[in-house]
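Reader: I've got a model open and want to learn how to read it. Where do we start?

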Amino acid sequence: MADAHITVHTAAGIDRIEPEVHGHFSEHLGRCIYDGVWQSDSADEDGFREDVVSLLSDLEVPVLRWPGGCFADDYHWEDGVGPQEERPRRRNLFWAQGTEELPEESNAFGTDEFLELCERIGTEPYLAANVGSGDPQEAADWVEYCNYDGDTELADRRRENGHEEPYGVKYWGLGNENWGCGGQMTPEQYARKYRQFATYVGTMDNLMLDHEIERIACGFEGHEWNRRFLEEVNGSAWGAEFPLDHLTLHHYYGRTMNVSEADEDQYDQLLVEALEMEDHIERMAAAINAVATTRDIGVIIDEWGTWHPEATADNGLEQPGTVLDALSAAAVLDIFNDHSDVVTMTNIAQTVNVLQCLVETDGDDAWARPTYRVFDMYAPHKGSEAVQTSVEAPTRELTDDDRELPLVGASASVDDDEAYVTVTNLDCRETHTIDVNLEGMSLEADDVDAELLFEDHDPAVEADADNAAEFTAEDLDVSIDNGSLIAELPASTVAGISIE
Ligand code: AHR
């Protein structure tokens, strides 16, 4: 007998799920770049790790943000182009490049290496320009170096550095956490600086490029900050145009629980914190709607995921890759689907070795973490139309406060005559039986193909080079009763169900 009832309102479309919602974030931090994607023992002759590139290509990563993070607002892009031996060694104000290194940056991996990485894995680049310690000219020069096809010194420099054609970088972040590591600015201070940067970059886009750039500002989890920022950016003294295509925020959770030692109450707490993503998206969209009445501005979550106490500056923000973290990613991806009308991109932190990375390396080994398996299972949603889903399921109250965890979550999308439903049993203690009713579709067993992740895995168990393959999806048994689909989801599992 089912205790969780899922109704997919197949005719109640929300919006297209932009593929960029499955994006990633990489920073010059710990072993993300050096030893992660580049320049290690298993690198090819150009310095790229083939094993990592292959894992990321298989996942069809749609967009990759770089070079930070906090690092971006102390990074000067010209340090990282041209002959490797002439590149200056600089401080890395925020992070060491490895677990036993000094906070220094060799600049061996720079713009052309990053953009080649994007070409190799088939992903759209998203560059974050330095607003905190840089100036608008530096940002505009970077755009020119990357994207201009004319006869200027910067365009020629790109050609000399091996790239004849412009890269056509579309996504440009102007600043990172400028309320914090990016300069500790008030919203008004950041808005004025942002406007200045956006003017230079935007004018170049209008006059020298093919209107190909989308400008991105970095907001805050405190939503009053965002409202003040938007009002100042839009101040009438500055002219009518709203020089902003997307506003971002960062949401990390799990900061108080060591994931490898947590108990079941803490599991519940982590998942409730992850689900707060929904409130952040809705409040961000409300602030945008209240102020930006003349144009559409998308919501981006360009850093998100778990950040446990195991991840410290000394260990390069490394933490175990567990099923529990993967479950939280599934819950958050469902939220992104349900808000596809406003969410234009997200970037989980960080791609390799750092925080809730999808890929981990150790010497010559590289493997997919459980969160990678979740992204893989959710991949069929990319580019489809999200539709509304109702879930009636039991909840559990947290032990420390009166917040409640819904024990089953779901989201759905449709594409032509096919539907795809993802369902997560967020209950780390018990099996739940689901029934799924797709409005307007009477199901038969032959129409359904279903897979399950993480059956029989302890939520806290850590993936490593030896056991990583055990976290792949297995077939899920489903039955059809009265046109509804019935399945049993064991504790802490994620299901992907295709219906033709
Ligand atoms: O992802 C690690 C750090 O978290 C980033 O550098 C910063 O933007 C955020 O605070």
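Author: With pairing: two strands pair if DSSP finds at least two bridges between them. Helices (H or I, at least four residues) and strands (E, at least two) are DSSP runs, numbered from the N terminus. Here Ser-479 stands opposite Ile-486 in S23. Strands S22 (residues 478–481) and S23 (residues 484–489) run antiparallel, joined by 4 bridges. Their hairpin leaves 2 residues between the strands, and Asn-482 takes a positive phi near 55° there.

Author: Some ground rules: this is a predicted model, where local features need pLDDT of at least 70, side-chain atom pairs count only at pLDDT 80 or more, and totals for chains, interfaces and linings use all residues. Residues are numbered from 1 along each chain as its sequence is written, and side-chain values use heavy atoms, with hydrogens and water left out.

Reader: Which residues of H5 are buried?

Author: First the general idea: an α-helix has 3.6 residues a turn, so residues three or four places apart point the same way. Buried means under 20% relative accessible area (1.4 Å probe, protein chains only). In H5, the buried ones include Tyr-190, Tyr-194, Phe-197 and Val-201. Among the elements covering them are helix H3 (136–147) and strand S8 (214–218), where contact means heavy atoms within 4.5 Å.

Reader: How far is Cys-70 from the ligand's oxygen?

Author: A polar contact is a pair of N or O atoms within 3.5 Å. A backbone N or O atom of Cys-70 sits 2.9 Å from a ligand oxygen atom, and a polar side-chain atom of Glu-177 lies 2.8 Å from one. The protein covers 94% of the 280 Å² of accessible area (Shrake-Rupley, 1.4 Å probe) that the ligand has on its own.

Notes:
Buried < 20%, exposed > 50% of the residue type's maximum accessible area, 1.4 Å probe, protein only. Polar contact = N/O pair within 3.5 Å; in protein donor to acceptor, adjacent residues only side chain to side chain.
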